[in-house]
Structure formats: C-alpha cells, structure tokens
2 protein chains.
Amino acid sequence: MEVVKSIFIVDDHQMVIDGLRLIIDTINGFDIVGESTSAPHALDILATTHADILLTDVSMPEMSGIELTRLVKKKFPHIKIIALSMFSESQVVAEMIDAGISGYILKNTGKQELIEALNKVSCGQNYFGPDITLQLMKSFKRNQDETSRLTDREIEIIRMIEQDFGNKQIADMLFISERTVETHRKNILRKTNTQTVVGLLKYAYERKII
Amino acid sequence: MEVVKSIFIVDDHQMVIDGLRLIIDTINGFDIVGESTSAPHALDILATTHADILLTDVSMPEMSGIELTRLVKKKFPHIKIIALSMFSESQVVAEMIDAGISGYILKNTGKQELIEALNKVSCGQNYFGPDITLQLMKSFKRNQDETSRLTDREIEIIRMIEQDFGNKQIADMLFISERTVETHRKNILRKTNTQTVVGLLKYAYERKII
DNA sequence: TAATAAATACCCTGTAGACGGTATTTTTAC
DNA sequence: GTAAAAATACCGTCTACAGGGTATTTATTA
C-alpha cells in the first residue's frame, strides 16, 4: 500500500495556492492538509497539523520564505521544504539551501516540474530545476574564490549606506568604531564585486537585499 | 445657444479613458471627439481633429505628458491642456505648468474637481486643485532662493551617474571636458539640495526623474 | 538686439572612501 | 573543546568628488 504524503502550502497569493491545489489533486500519493497566506500563521498551524512537505513561496510580506524555512526546520526538522519562486537569483537560492530546503522550483515552469519535485523530495531526495542548477553553477563559478554571502551585519550596514549615512554616522549608530565600519564596507564591496556605493546599491536593489 | 467644447483624451490606460468618458457624458457643454492610449498617436490624430481641450495623463510609457504638452502647445497653441496625474510632485507640476498646461488634477480626487476644471479652463481660466496649490506653495517656499529646475543636460548626467559612471567616463561619452561634468554635478547637487551621489539618487527616485 | 539661461571649461582645496594590509575578540558550529 | 566564521579594530595610501570660485560660448526668449 502506498503511503500518502501530506502537503502544506504557504503563499501570500491565494490564487497561487489554488493553482497548486489543482495540480496536486491530479496526482496520487499526495494530500494537501493545510494552507496559509501568511508565514507566521502557517507556523502556528504546523504545530497542530501533521505535514511531510511544505511548499512555500520565497518572497512574502510579513516573513520571507527564507526565515520561514529556518524556523520550520528548527521546530519541525522532519518537514521537507520546497521553495517556490518567480526568480532564480542565485543569492536567494543559496540562502534557501543554507536554510534547509530540499527543492527549489520556478513558478513559471510547468506542472511537470512540481510533480517531479514532490516525488523526489517525498522519497528523501532533493530536486532543483535545470534553471536553478544553471544559475547556481554560474554563481559558484563567479564566486569560487570568494565567500560571497553577505552577513547580517553587512546587510544592516548596506541599508544604512543606502540611507546616505557616512561611516562616522553609521559607527555612532551601531556603537562601533569607524574603522570597523570601514572594514565592513571593504568586505561588502569585495563580496558584491562592486567598486562604489552606487554600484553596490544597484547590486542590492537587483537582488532585493534592500 | 451654448457652445459645446470638444475634448480629446490621452491616457495609456484604457480604463481611465472609459472612466473619464462616463463622467464627462453626465455634464453638458462638452463633447469627447477623440481618445488615444498613445501620446505620439494622439499627436497625429489632433492634426485632423478639432479639439478645444486636451486631457492628458502625466506619466506614460512612450512619451511623457510633459513632452506631449510641449509638442501640442507648439503645433496647436489654441488647445487648452489639463493634466491628470496620480501624484502631486511639485517638480512635475512645475514642469507641466512651464510646458503650458491650464489645469492639473489628481486622479484620486472626485469627479467634481474634473468638472470644475473643465468649466474653468473652457472659459479661459486656469484650474489647479487645492492639493496641487499646496504642494506648489511648499515647493516655492523651499526653492525661492534657488532656481531648482533641472536642465535636460543635467538630467542626462544624473542618469549616467545612476549607471555608476565616473566623471571621466561621462565626459568621454558626452564628448565634453571632465571639468564640465564636474560643473554639472556641482549644479545638480546644489539644485537638488543634496550632498552625495546616494542622496541625489534618492531625490531622483522620489521625484521619478529617473 | 539685449538679456537670460544653458552648456561649456578651468583651477584649487579638503575630505570621504576605496583598497591594501594585519590582528584580536566573539559567536557559531561541529 | 576546537575550528571556522563573523565582528571588531587600526593604519597608510591614493583618488574621486564635493564645494568654492570664475569665465566663455551658445541657444533661447523677450
């Protein structure tokens, strides 16, 4: 007898959830046990609902898919997570992988990819669409000599740079030395492979870091 | 016998045009003689259509309301122009006034304002909604010591600064001296009342200059 | 045609920040 | 408990650019 896997869906657009339901209803072996348009809300429900697989959007208003993934993996490590996204930004994909996802699929690809992902993940494997893999390869190549992931502190400082604060001001606000801010700035520019503030901000905007 | 004024509408959203039609149909003394969702297209039609009043959107893809206004005023000086906009950015309003509009109304205000504007403008007067007047007053106060309108060249340079080009590069691309770029940059910062590139770009983004 | 605005150009000064190091403490992870 | 990652900190150099002038040529407009 086949084991039916239970799925929980989180996406801030109800329409997307409905679409996923339609697709999943056509395949055997999976059962949707819950849904939510809000990540924090989903966390609450998951405490009282048994789910094997969590399908979650990446960009959501209250809480990003990355944060949700981290929290779910912490509280319910047995739940496998598949990320759904409109974009294949390698920075985001990398963070999601780091957060513990088992799969990442693009919303604009066909239902076949979703089905394959569900099957793979449900039997313990990972699934990343061809586009994603390609992106990751590129990104890896570009950053093979650089650990390019920005730290929380660095992102915090990027946000302040964007507010047009100088090193002195940032130092005062964070209660750290101006030297430290300089170091952070230096590391940020190196990691993002940019040379000036303007280039950095473009980089940040493109990757939706700020 | 009342003279019926003919109106031409330009807005890239057909929905807005339809809404305006509904409102204008309820009032006497006005007749819609044409419409277009494209500014260049509208210019063509106006050559063969008699219109007294042009209702135009401010932000449109191919050609902005400002450009359209300038061209219409040049080719058909008798046509009175009323600008429609979602925003009351004083910079934009000022440019529209400079271009030769007779009225400026916000899209989110009631139909009463539109009717009043049409009546005022059709008998040779101007009409600017209370919000607009307020904005202009503020702006005037802020810039009374500064001629703050940016020139075309200056905006061109802002766009290049945004692309993260240095003074040297900009100079080369525009075939002018680096000194000239420095002067422009200086004037831009003075006019926009900003100190750094980042501040300038924030200013530009807020006012939708770039 | 006279006046005004815009675009062009040069010079000098001071400083913020980009870029090169090195190094210690704290936090996280295994 | 130890290794790795992140955050902290300092130093020197050098350049791009902000900010202060002044001035000429080229539209534009009255």
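Visitor: Which residue stands opposite Leu54(B) in strand 3 of chain B?

Guide: Phe8(B) stands opposite Leu54(B). The model is a predicted one, where local features need pLDDT of at least 70 and side-chain atom pairs pLDDT 80 or more, while totals for chains, interfaces and linings use all residues. Residues count from 1 along each chain as its sequence is written, with chains lettered from A and ligands numbered from 1 in the order in which they are written.

Visitor: What makes strand 1 and strand 3 of chain B a pair?

Guide: Two strands pair if DSSP finds at least two bridges between them. Strand 1 (residues 5–10) and strand 3 of chain B share four bridges, in the parallel sense. They therefore meet the rule. Strands (E, at least two residues) and helices (H or I, at least four) are DSSP runs, numbered from the N terminus.

Visitor: Which strand 4 residue does Asp57(B) stand opposite?

Guide: Asp57(B) stands opposite Leu84(B). Strand 3 and strand 4 (residues 80–85) of chain B pair in the parallel sense over five bridges.

Visitor: Why is strand 3 of chain B called largely enclosed?

Guide: A buried residue has 20 or more other C-beta atoms, placed from the backbone, within 10 Å of its own; 12 or fewer means exposed, and in between is partly exposed. Five of the five residues of strand 3 (residues 53–57) are buried, so the rest of the structure largely encloses this strand. Both faces are covered. Ile53(B), Leu55(B) and Asp57(B) lie on one side, Leu54(B) and Thr56(B) on the other.

Visitor: How do you know where the buried residues of helix 3 of chain B lie around its axis?

Guide: In helix 3 (residues 65–75), Gly65(B), Leu68(B), Thr69(B) and Val72(B) are buried. They span an arc of only 100 degrees around the axis, which means they sit on the same side of helix 3 of chain B. The arc is that of the directions from the helix axis to the C-beta atoms.

Visitor: How do you know which surface the copies meet through?

Guide: Contact means C-beta atoms, placed from the backbone, within 7 Å. Eight residues of chain A are in contact with eight of chain B. Helix 10 (residues 197–206) of chain A gives the most to its side, with five residues. 100% of the interface residues of chain A are also interface residues in chain B, so the copies meet through the same surface.

Visitor: How many residues surround DNA strand C?

Guide: DNA strand C is surrounded by 23 residues, with Thr151(B) and Arg153(B) among the closest.

Key: A residue is near a molecule or strand if its C-beta atom, placed from the backbone, lies within 6 Å of it. Two residues are in contact if their C-beta atoms, placed from the backbone, lie within 7 Å.
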